[in-house]
Amino acid sequence: MMAMTVAALLMQMTSAGGAGSEGRRAGNQLDLTGSQHPGGVKEELSSLKGEITSLKGQFRLARERQRLAAEEKQRQEEARYGVSPKATPAPAAGGTGAPTNTR
């Protein structure tokens with residue numbers, strides 16, 4: 001997940017030109033009229049947070065689809081080879097409940 005966050009940050013920075021692009025620092029961005037845009041960094045961060053949230057959701061959905069596909073594949077293999085689903089093993093009997101073998 002950390003790699004996706006770093007990748008999203010890197011993409012955002014490279015597409016925006018990064019901090020210090022063309023002699024400007026982050027937060028002191030100029031628009032076409034030459035006036036300062038004071039909320040530029042906050043807008044960019046909120047946009048980036050939205051993108052990260054979206055990527056997290058997409059990643060969760062993809063992981064869930066992958067899990068369901070693996071389960072379906074396992075069911076098909078079990079049906080193909082006639083293997084019954086794994087039963088939970090019975091607890092091992094020991095101590096007082098164990099049958100004694102007397103001759």
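Let me begin with a term: a residue is called partly exposed when its relative accessible area lies between the limits for buried, under 20%, and exposed, over 50%. Arg-67, at 39% relative accessibility, therefore counts as partly exposed. Please keep in mind throughout that the model before you is predicted.

I turn to the overall picture. The protein has 103 residues, and 8% of them count as buried. As for secondary structure, the protein contains 2 helices and 0 strands.

Which residues in α2 are buried? They are Gly-40, Leu-48, Ile-52 and Glu-78. Just after the helix, Gly-82 adopts a positive phi of about 70°.

Let me now consider charged side chains. In general, side chains of opposite charge can pair when their charged atoms come close. The count of salt bridges here is 3, under a rule that asks for a side-chain nitrogen of Lys or Arg within 4 Å of a carboxyl oxygen of Asp or Glu.

Two of these pairings concern Arg-67. With Glu-64, the side chain of Arg-67 forms a salt bridge at 2.4 Å, N to O. With Glu-71, Arg-67 forms another, the closest N and O atoms being 2.5 Å apart. Regarding accessibility, Glu-64 is partly exposed with a relative accessible area of 35%, and Glu-71 is partly exposed at 29%.

The remaining pairing is that of Arg-75 and Glu-72, whose side chains meet in a salt bridge at 2.9 Å, N to O. Arg-75 and Glu-72 are 3 residues apart in helix α2, which means that about one helical turn lies between them. Arg-75 is partly exposed, with a relative accessible area of 45%, and Glu-72 is partly exposed at 36%. Looking across the salt bridges, shared partners join Glu-64, Arg-67 and Glu-71 into one network.

I close with a residue elsewhere in the helix. Thr-53 lies in α2. Is Thr-53 buried or exposed? At 54% relative accessibility, Thr-53 counts as exposed, because the cut-off for that class is over 50%. Thr-53 and Thr-5 are 48 residues apart in sequence, while their C-alpha atoms are 9.7 Å apart in space.

Methods
Residues numbered from 1 in each chain as written. Predicted model: local features only at pLDDT ≥ 70, side-chain atom pairs only at ≥ 80, totals over all residues. Heavy atoms only, no water. Helix = DSSP H or I, 4+ residues; strand = E, 2+ residues; numbered from the N terminus. Buried < 20%, exposed > 50% of the residue type's maximum accessible area, 1.4 Å probe, protein only.
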